[in-house]
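Dear colleague,

Please find below the structure that I am handing over to you. A short account of the findings follows it.

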Amino acid sequence: MVFSRLVYYVLLLILHLSQTCRRFFDCLSSASLYSLFSSRLSSDKVKQYAQHWKKVPNHVCIAIADVPVIFEPVAQLVVWCTAAGVKDITIWDNQGLCKASAHLLQEYIAKTHANYFKAASAQYPIRFSNNIDDDRNSLKTVPQQTTPGKNIPALSSSGVTIHICNDADGRSAIVKAVTLANQQRTAIDRTWLNSTLTSSIPEIDLALVFSKSRLLFGLLPWHLRVAEIM
């Protein structure tokens with residue numbers, strides 16, 4: 001009888017500790033994006049950090065799941081990636097809020113970009129992929145701030161391309177591509193599927209996942225094949 005009660009209280013203690021740790025982890029996850037926005041990293045400091053990396057990722061994915069979607073820290077993270085030399089940035093959330101409010105998110109990014117780089121903005125051009133309008137062959141370029149009396153270098157054809165995605169660009173895109181290939185009687189193999197799915201959004205090198213749970217929630221499964229996930 002005594003042993004049974006002892007086991008019972010031990011189990012209660014374990015349950016209480018697990019729930020407490022879980023709530024603490026949830027608070028940290030929810031606050032992670034806020035802490036990003038509150039940080040102050042200059043573009044020179046970011047470039048110094050990047051010089052010590054073995055390799056700067058060409059494509060970084062910012063994935064938000066089960067935590068509030070806050071545009072300010074997302075925009076701040078975008079400009080940090082831009083300063084580090086990242087060429088493609090994908091913004092994804094499992095609720096589809098970023099893509100549903102893509103134009104508003106673009107405004108936040110454009111404003112943060114101008115405030116962060118100031119007169120050097122033209123040296124770090126940002127372009128938005130039009131996948132939000134199903135027109136993936138064209139890009140929208142952020143207008144650059146100009147200062148009267150100063151010559152600002154012309155916007156180069158290179159720069160950072162930003163993709164705003166949701167579930168439709170992941171598993172649904174794979175199903176859609178295969179269905180279309182069957183209708184057109186196209187031979188389907190790995191090479192063809194990879195070429196089709198990465199024609200507008202390249203494969204991801206690094207995925208930064210902000211979530212309460214260690215789950216991917218269907219995050220662009222084809223593009224994550226060789227990605228490092230943090």
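A residue is called buried under 20% relative accessible area, exposed over 50% and partly exposed in between, with a 1.4 Å probe and protein chains only. Cys165 is buried, as its relative accessible area is 0%, and Cys98 is likewise buried at 0%.

The model is predicted, so local features need pLDDT of at least 70 and side-chain atom pairs count only at pLDDT 80 or more, while totals for chains, interfaces and linings use all residues. Residues are numbered from 1 along each chain as its sequence is written, and side-chain values use heavy atoms, with hydrogens and water left out.

A search of the whole structure finds 0 disulfides, a disulfide being a pair of cysteine sulfur atoms within 2.5 Å. For Cys165, the nearest cysteine sulfur is that of Cys61, 7.5 Å away.

Asp66 lies in the loop between β1 (59-65) and α3; helices (H or I, at least four residues) and strands (E, at least two) are DSSP runs, numbered from the N terminus. At 32% relative accessibility, Asp66 counts as partly exposed. Beyond its neighbours within four places in sequence, Asp66 is in contact (heavy atoms within 4.5 Å) with Asn94, Ser211, Lys212, Ser213 and Phe217.

The contact between helices α2 and α3 is made by Ser43, Val46, Lys47 and Ala50 of α2 and Trp80, Ala83 and Ala84 of α3.

Yours sincerely
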